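This briefing is meant to be read with the sequence and the coordinates side by side.

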Amino acid sequence: MTNPGKESDKRLLNLPVVAGNGLLHRRAFLRGGTALAGAMTGYSLVQSASAQRLVDDPWSLEPGNPVPEYGTRSRFEKDVVRTLTNPKGEPRNQHARTPHHLLNGTLTPNGLHFVISHAGDPDIDPEKHRLAIHGLVKQPLVFTLETLARYPMVSRAAFIECGGNSAPLFSKEPIQANVQALHGLVSCAEWTGVLLSTLLEETGVDSKAKWLVAEGADAPHLSRSVPVTKALDDAMIALYQNGERLMPGNGYPMRLLLPGWEGNMNIKWLRRIQLTESPGMTYYESKIYAPIVPGGKAYQFYFLQEVKSFITHPSPGLAMKGPGFYEISGIAYSGNGSIAKVMVSADGGKTWSQAALQEPVLSKSFTRFRLPWRWDGSPAILQSRAWDEAGYAQPTRAEFVAVRGETSRVPAVTAFPNEHYNAISSWAIESTGEVKHVYA
Amino acid sequence: MYMPRCATCLVLVVFLVSTSGLAQTPNLGKPLTPDELAGWDINILPDGTGLPAGSGTTSEGARIYSAKCAMCHGENGKGGTNARLVGREPIKDMESEKTIANFWPYATTLFDYIRRAMPWRQPRSLSNDEVYALTAYILSLNKLIGENETMNAQTLPKVRMPNRDGFIIRFPDRL
């Protein structure tokens, strides 16, 4: 809570509101400088009623712990974890969702990157792993990890999103769950590896080749078909994730990275690429990732992850600590390229204010948006809406449902009633400070 | 070897080598023979490309199914802890259950998926004949082929799945 007696807080109260329910200009705090920043309250900052003398705590009075070989985060962060749907590895798939409401910035820590495994994570010996490229090529070739490590590499940030991310929002009624449960099947990392086009230059590509079928070394030998045009555009054989080798759940020792395209196609534990004239019509493209549209037809080859955003702070489960100043922030991304603009509303979409985009704004990657907000303690509905550089706008939920439909019953929060949901999410702030998922 | 003696000649030689297409990448891949690849070469395309020699009947499939599949998919494919394999109620909306017979566009996918991924705990443990037999059995349970038909590389691609034309290509400009 702000103290009206302080000079900095008087200046805060004088800042012009640019949209309903107290949204401030995106550069308000930048203009205000450090005095204003110091007056901001956080979602969990506890105000002390009386003055408290600063003292040396025990950790300041003796040497600390030995530095470990491989660093792990503070023990106080132990609750910042993924949520698991199948922790005992029963014979079905497993989902681990990213806790976006407890993170900030644009890159997902490797241990918190979302994972879907259809039969567990294989324990691959990198020396024995091979990548075979064959089919409609001039010279079939097989690569070891050691040989690939000698190729020219590139690094780029890219989000990966499961086609089923945000599926709970197909529910006819808003499911009360946090942003991790609703949107936790997307993450973003810096990936480093060899462009697939470099390897295809060596194998040569037959002019009849229009597709490739990529396959993993996991137990289901998961396979997906990818147009050759994407392979030659920006596909990568990724070897490193945020600077270290891939995590086992993200495809160690190598995965196919198809920036901006459906997560399932980014084949993990990649071992084989066959160039073909036609798609393989594999199980995952024939059944799972073919979203049914109203009337009974289904979309085939829904490769693109379209423009989307959601607010992470505040969000359901992060209660507000009384009226005052907050930073609204969230994540925006598009498989079409860079984010061009994010607008934020605090009155359920009646009025909007443009959010600041955290630089650098990178293509097919998370863009963090931020906007200062003076919450007066009355009910509000927060929304974010993103536009990408190709000109696509994130749809409202009503626009989206008119085309894609919604369920007739409320499904389980972990269910996947459909895929490729990218409409606006709405968080209702109640006067108690509680944050709820609503449709608005 | 001919050694160019003037700078112009040297530039010309370097230019010719660099545009030959061979000098640009490390070329560390090892040539791969069909024999070396055989154990991994398991993709089946909808036109039947990749289907191996061998065959299987529905009655053979029924026996293998009872022993290796029924514990998860239920007796006669009726479903259990994992997906049911029979059923053909029409797809109406997103709450319709996608089954093999009401949704999958190509029968070849059945062979491809069983062979690469099933049984869940012992993938790649079935012989090609066993995979053909299970494919025949499941297609027969769904009345997509007769009870006494044999599936092999010639017959399987000819099985027409009911929902073949039930799809809309979402982004045709990206194919």
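In chain A, strand E6(A) runs parallel to E15(A), and the two are joined by 4 bridges. The model is a predicted one, and the points below are grouped by topic.

**Pairing around E6(A)**

- E6(A) and E7(A) together form a hairpin, with 5 residues lying between the two strands.
- E6(A) is mostly covered, since 5 of its 6 residues are buried, a residue being counted as buried if 20 or more other C-beta atoms lie within 10 Å of its own.

- E3(A) pairs with strand E4 (residues 94–97) of chain A over 2 bridges in the antiparallel sense, and Leu84(A) stands opposite Ala96(A) in E4(A).

**Chain A as a whole**

- Chain A contains 9 helices and 25 strands.
- Because a compact globule of 440 residues would have a radius of gyration near 22 Å, the value of 24 Å for chain A agrees with that expectation.
- The C-alpha trace of chain A spans about 75 × 65 × 40 Å along its principal axes, and 48% of the 440 residues count as buried.
- Among the contacts in chain A with a separation of 6 or more, 73% are made by residues 24 or more positions apart.

**The two domains of chain A**

- The domain assignment divides chain A into domain 1 (130–288) and domain 2 (308–438), and the centres of these domains, taken over C-alpha atoms, are separated by 28 Å.
- Where the domains meet, 26 residues of domain 1 of chain A are in contact with 30 residues of domain 2 of chain A.
- On the domain 1 side of this contact, the elements that give two or more residues are strand E8 (154–161) and helix H5 (179–183) of chain A, with H5(A) providing the largest share, 4 residues.
- By class, that side of domain 1 has 16 nonpolar, 8 polar and 2 charged residues.

**The contact between chains A and B**

- Chain A gives 50 residues to the contact and chain B gives 44 residues.
- Among the elements that give two or more residues to the chain A side are strand E6 (130–135), strand E7 (141–144) and strand E15 (270–276), together with helix H6 (196–203) and helix H8 (283–288) of chain A.
- The residues on the chain A side divide into 25 nonpolar, 18 polar and 7 charged.
- Strand pairing also extends from one chain to the other, in that E7(A) pairs with strand E1 (residues 30–31) of chain B over 2 bridges in the antiparallel sense.
- In E1(B), Pro31(B) is the residue that stands opposite Leu141(A).

Note on methods. Residues numbered from 1 in each chain as written. Chains lettered and ligands numbered in written order. Predicted model: local features only at pLDDT ≥ 70, side-chain atom pairs only at ≥ 80, totals over all residues. Contact = placed C-beta atoms within 7 Å. Nonpolar A, V, L, I, M, F, W, Y, C, P; charged D, E, K, R; others polar. Pairing = 2+ DSSP bridges. Domains from an automatic or database assignment. Rg over C-alpha atoms; globule rule 2.2 N^0.38 Å. Buried ≥ 20, exposed ≤ 12 C-beta atoms within 10 Å, placed from the backbone.
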